[in-house]
Amino acid sequence: MIEIILSVFSFLLAYVCVLTVTALGGMFSEKSGTIALSLEGCMTFGAFSAGVMMHILPANIPDPLSAIIVIVVALVGAGLYSLLLAVACITFKANQTLVGTALNILSTALAVVLIKQITQTPELPVGNSRLNFMRFYEIFNLDFFGFESVKFNWLIFIIIALVPIVYFIIYKTRYGLRLSSCGENPSSADSVGINVNKTRYAGIVLSGLFAGLGGLLLITLGAEWEFANGAGGFGFLALAVVIFGQWKPLYIFLGAFIFSGFKTLSVIYPSIDFLSNLGISSYFYLMLPYVVCLIVLMFTSRKNVGPKALGVPYDKSKR
Amino acid sequence: MNKIKVFFSSLLKNESFKTVITSLWCALLGLIAGFIILLFINIKDATFAMTTVLGNFMIFSNGADRLNYFGQTLAKTAPLIAMSLSILVCYKTGLFNLGASGQYTIAIIVITFLGIGADMPWWLVMIAAMVAAALWAMISGALKAYFNVNEVISGIMLNWIALYLANGLLTTNLSVWDAAHSEAYIIGRESGMNALIPSIGLDKLFAGNAVVGLGLVLILVVVLVIYILFKKTTIGYELNATGLNGDAADYAGMNKIKNILISTAISGALAGFAACLNLQNGFTSWNLTSTPPEIGFIGISAAFLGGLHPIGVIFSSYFIVHVTEGGSMITDFGFSPQIASIVTAIIIYLSGFVFFIKQVIHKYELKEEFNKISRTKKRRRKV
């Protein structure tokens, strides 16, 4: 019994952390005034770069060192990828929704094409781009309680520790307050000497780094990942969590629990007698987090508490 | 020499010419980026692969094959045109229809059940699918109008809900689900003969390719209707005004809520129409996937590459389908067909820079004018 509860808990906590870290990243970007629609793309690209690293890393490198290398690669990959969004949306004042969508498609397409090239398996059916990394599954998922089916990914503890750190950065540091001011009223922020574009660049790159960590956690939960699915829609859910959490770190952490709860339900329901006896299609459970998300957004969106300048490129001449 | 210069500067002042130039620029850069990626993958075959992508049906030496594949490319262009019109209508009203994939999926559910399950005539299936998709799109519109929910987020959520609805409803119903191929039965293959869009003799023009038919005529009519809607009618004008400044339009007596609902309904119906054009010519059907159909996102690139103009969309859609079809031909040489996705993604990315490119052209114009003025001043001084 304890084993089942712990195993459910490990699922739940893992999903919570994937959503939390990505949503916290999205919050940095949105607080600075840029819509974080490309979270899914950044997650995919971070996961892709880490996955490729795991694939090509020789086995004789000690475990802790290879774990660090993989984490760094995920962060750098996603950070660089998010720069594409920053350059287009800040320097060239492009439409943020359009560019975000483009980056989401691009990352999945790039991952599929390049993985096929790296793994050199032409006999794979079209669209199949799986990567296996059993060794890293063992490195990242540790067995704390001695049960065979319960494994905790140690990245989730890093991510939980990030929540208070992000809270501190946003509310107590100079950078956090400047970030918020650039999203609320960039003109007056500029008038007191804050470099709006620089702050926004930092916000987007931070969001990329966080999303990269989220993507890495997501793919290391299992021993393989199908990259044709991108990040499995987690980036979009994370964006919804940002809005539902009203752009506040602690609310985001709590909001992630709700969505992860329903996501976990879709994974574990066959093993719960009561639910599997209801005879409801598995697709219904897969649908649930999104339905709940829509209903929650319905009740939380009326009073618009988001950053005032969200989605508007900063134009100095309009001050 | 001077005449040519005058001609060019007058051309540059023309707004639609500017749009064409920027779109061509985006397409060209997208292709170059795709070529660079091909070079990375396989330097030996890259040039050949690129000519295949660009040539598409032209690579066949046989005339009949060429016509056949040209017809196929045209038949696949029609749904994309409908899709990009769907994006365009919403965009004119200031909304971003990222939920087009979901509306398309809902239409597919209706087409499959009515066309194969109930064996209804094609026009009835088409109307039902468009109505269902319009209603699905209006969920997003109503959430925006009444609850201020961001339509991008709700659209994305509805995409996933529609995806699981389609997977759940179609796979469990064995009268429409071909379990052996893990896809729904294709209309007109073994069942649903009545649901096929009639070919009206157009197939004979394309070496007997039966996928070409009335759909091509219908899509041109729809393009014309949308063009007239925004150019000549009150509704179109109101939609446009709401898009430019919703509150001001509301103040001027144009009901903002009504306009949002109308525009989402129209764009939903168009996304549904895209599904009809794709499925009701016996071409393809729903197969089990785990991500929303990509056509909704490709529609965005076609709409923006077409300069957000109903006529321009025809050409941009054709270009994208041409490249995508060409991309599907290079799989035999060890390349992934997703190369075409990369090219389209880069094109969407670059269409974001349109504003910047237009600014550069504008700066060039200003410079020209400044030069002209200073030249005349110099001349005067000499006199």
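On the surface of chain B, a patch of positive charge is formed by Lys5(B), Lys372(B), Arg375(B), Lys377(B), Lys378(B), Arg379(B), Arg380(B), Arg381(B) and Lys382(B). The model described here is a predicted one. Helix α16 of chain B, which covers residues 354–382, gives the most to this patch, with eight residues. One of the patch members, Lys382(B), is placed in helix α16 of chain B. Lys382(B) has a relative accessible area of 74%, and because the cut-off for exposed is over 50%, Lys382(B) counts as exposed.

Helix α15 of chain B runs over residues 339–351 and has 13 residues. From its first C-alpha to its last, helix α15 of chain B reaches 18 Å, close to the 18 Å expected at 1.5 Å a residue. Helix α15 of chain B is mostly covered, with 13 of its 13 residues buried.

Cys276(B) lies in helix α12 of chain B, made of residues 256–279. The relative accessible area of Cys276(B) is 0%, so this residue is buried. Between the C-alpha atoms of Cys276(B) and Ala82(B) there are 10.0 Å, although the two residues are 194 residues apart along the chain.

Over all chains, the structure holds six salt bridges.

| Salt bridge | Closest N and O atoms |
|---|---|
| Glu138(A) with Lys151(A) | 3.6 Å |
| Glu184(A) with Lys308(A) | 4.0 Å |
| Lys256(B) with Asp247(B) | 3.6 Å |

Glu138(A) forms a salt bridge with Lys151(A). This pair links distant parts of the chain, 13 residues apart: Glu138(A) is in helix α5 (residues 134–140) of chain A, and Lys151(A) is in the loop between β2 (141–142) and β3 (152–153) of chain A. Glu138(A) is partly exposed at 38% relative accessibility, and Lys151(A) is partly exposed with a relative accessible area of 24%.

Glu184(A) forms a salt bridge with Lys308(A). Glu184(A) counts as partly exposed at 35% relative accessibility, whereas Lys308(A) counts as exposed at 65%.

In chain B, Lys256(B) forms a salt bridge with Asp247(B). Lys256(B) counts as partly exposed at 29% relative accessibility, while Asp247(B) is exposed, with a relative accessible area of 56%.

Technical notes. Residues are numbered from 1 along each chain as its sequence is written. Chains are lettered from A and ligands numbered from 1 in the order in which they are written. This is a predicted model: local features need pLDDT of at least 70, side-chain atom pairs count only at pLDDT 80 or more; totals for chains, interfaces and linings use all residues. Side-chain values use heavy atoms; hydrogens and water are left out. Helices (H or I, at least four residues) and strands (E, at least two) are DSSP runs, numbered from the N terminus. The expected span of a helix is 1.5 Å times one less than its number of residues. Buried means under 20% relative accessible area, exposed over 50%, partly exposed in between (1.4 Å probe, protein chains only). Patches are made of residues with over 30% relative accessible area and no salt bridge: like charges are joined within 9 Å, nonpolar side chains (Val, Leu, Ile, Met, Phe, Trp, Tyr) within 5 Å. Accessible areas come from the Shrake-Rupley method with a 1.4 Å probe; for residues, only the protein chains shown count as cover. A salt bridge is a side-chain nitrogen of Lys or Arg within 4 Å of a carboxyl oxygen of Asp or Glu. Lys and Arg count as positive and Asp and Glu as negative; His and the chain ends are not counted. The place of a charge is taken as NZ of Lys, CZ of Arg, CG of Asp or CD of Glu.
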